[in-house]
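Open the model in your viewer and follow the stops below. Select each group as it comes up, then look at what is there.

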Amino acid sequence: MAGSSHGHTPAAWTGVTIAFIGFAVAGAFMVMAEPIGFWAGMAIVALGGVVGGIMRTMGLGMPREAHPVHQVTPAREPAGAEG
């Protein structure tokens, strides 16, 4: 994964940071047995995904052409057993 530059964009960093804060908030309120605070934390997690998606559409994410999953590579011959 390190060679694919996976997640090294402002959109990814921002979305994950917001989601992490949301998980921390939800976890703290879960320990305090406060359901409203827990669901507020879950809303913050969802907000992280929305913000990351919006930033990606604004051009701050990885372009589709650069992502290795979307690159077409030529077919390779299967490895044969020599004996």
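Select residues 10-31: this is helix 1, with 22 residues. From first C-alpha to last, helix 1 reaches 32 Å, close to the 32 Å expected at 1.5 Å a residue. That expected span is 1.5 Å times one less than the number of residues. Helices here are DSSP runs (H or I, at least four residues), numbered from the N terminus.

This is a predicted model: local features need pLDDT of at least 70, side-chain atom pairs count only at pLDDT 80 or more, and totals for chains, interfaces and linings use all residues. Residues are numbered from 1 along each chain as its sequence is written, and side-chain values use heavy atoms, leaving out hydrogens and water.

Now pick Ala-11, Gly-15, Ala-19, Gly-22 and Ala-26, the buried residues of helix 1. Buried means under 20% relative accessible area, exposed over 50%, partly exposed in between (1.4 Å probe, protein chains only). Look down the axis: these buried residues fall within an arc of 55°, so they line one face of helix 1. The arc is taken from the directions from the helix axis to the C-beta atoms.

What covers that face? Helix 2 is part of the cover. Contact here means heavy atoms within 4.5 Å.

Turn to the other side of helix 1. Trp-13, Val-16, Phe-20 and Val-31 are exposed there.

Next, click Ala-33, which follows helix 1. Its phi is positive, near 60°.

Move on to residues 35-60, helix 2, and find Leu-47. Is Leu-47 buried or partly exposed? Leu-47 is partly exposed, at 45% relative accessible area.

Notes: Helix = DSSP H or I, 4+ residues; strand = E, 2+ residues; numbered from the N terminus.
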